[in-house]
Amino acid sequence: MARIKHTKTELKRQRDALRRFERFLPTLQLKQQQLKIEMRHIEAQIEENEAARQKFGAELARWVSLFAEPFDFAAHLRVAEIRQAEGNIAGVTIPVLQEVVFERTLPDLLRTPPWVDDGLLALEQMIRFRIERRILDEQRHRLAEELRVTNQRVNLFEKVKIPESRGNIRTIRIFLGDLGTAEVARAKLAKRKTVERVQVA
């Protein structure tokens with residue numbers, strides 16, 4: 001712990017710092033709570049995405065045996081664009097998925113199996129699930145990082161800065177109180193000596 005000066009100026013500085021810490025702490029705690037709520041919300045969205053993907057995969061499994069016939073899906077389907085916006089949660093900028101744009105080329109209906117259209121639609125949906133998950137993971141990562149930093153700040157204020165300022169204020173007040181008492185005692189002693197000199201003379 002850094003040494004502090006035992007002066008009235010330092011006492012004022014420590015009191016101002018304590019007021020500042022006590023004013024900022026509730027704001028940080030509110031941000032901490034908001035981030036925790038949003039983290040739970042994103043975790044729920046990730047679980048929903050995973051459940052929907054698994055359900056879709058189970059439904060797909062019923063007719064996936066049709067894919068035994070080879071077909072080059074990559075030649076007929078590609079992701080043209082992933083449209084994203086920026087959202088803001090408790091001061092954290094996060095990516096928000098708006099739309100996945102696919103580029104499709106129609107296969108020759110006479111030379112391809114009849115299930116190709118359904119297969120392309122299913123593939124689009126699986127790709128969409130993956131992209132949504134990737135965006136949700138990025139949101140979670142950014143919020144988790146901000147929550148980590150906010151937790152550190154809350155702990156710093158609660159466990160270090162506020163107790164340290166209170167301790168410094170107490171130490172300075174005791175020192176100044178002792179100094180005041182010593183000055184009064186010296187003044188009384190000086191007065192008594194002066195009175196004694198006057199009486200002797």
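Buried means under 20% relative accessible area, with a 1.4 Å probe and protein chains only. This is a predicted model: local features need pLDDT of at least 70, side-chain atom pairs count only at pLDDT 80 or more, and totals for chains, interfaces and linings use all residues. Residues are numbered from 1 along each chain as its sequence is written, and side-chain values use heavy atoms, with hydrogens and water left out.

**Layout.** The protein has two helices and two strands. From the N terminus on, their order is α-β-β-α. Helices (H or I, at least four residues) and strands (E, at least two) are DSSP runs, numbered from the N terminus. Contact means heavy atoms within 4.5 Å. Of the contacts with a separation of 6 or more, 78% join residues 24 or more positions apart.

**Cores.** A nonpolar core is a set of buried Ala, Val, Leu, Ile, Met, Phe, Trp, Tyr and Cys residues joined through side-chain atoms within 4.5 Å. The largest one has 12 residues, among them Leu 11, Leu 18, Phe 157 and Ile 169. H1 and H2 each supply at least two residues of this core. H1 gives the most, with six. A second, separate core has 11 residues, including Ile 42, Ile 46, Val 92 and Ile 94. In soluble globular proteins, nonpolar side chains tend to be buried together.

**Two residues and their partners.** Leu 147 lies in helix H2. Leu 147 counts as buried because its relative accessibility is 12%. Leu 147 and Val 92 are 55 residues apart in sequence, yet 9.9 Å apart in space, C-alpha to C-alpha. The table leaves aside neighbours up to four places away in sequence.

| Residue | Residues in contact |
|---|---|
| Leu 147 | Gln 32, Leu 35, Lys 36 and Met 39 |
| Ile 169 | Leu 11, Gln 14, Arg 15 and Leu 18 |

**A pocket.** On a 1 Å grid over the protein atoms alone, a pocket is an open set of points where a 1.4 Å probe fits, with protein on both sides within 12 Å along at least five of seven lines. Lining residues have an atom within 4 Å of a point. The second largest pocket has a volume of about 160 Å³, where volume is the space filled by probe spheres set on the points. H1 (8-61), E2 (92-104) and H2 (116-200) each supply at least two lining residues. H2 gives the most, with four. Among the lining residues are Gln 45, Val 96 and Leu 136.

Definitions and conventions. Buried < 20%, exposed > 50% of the residue type's maximum accessible area, 1.4 Å probe, protein only.
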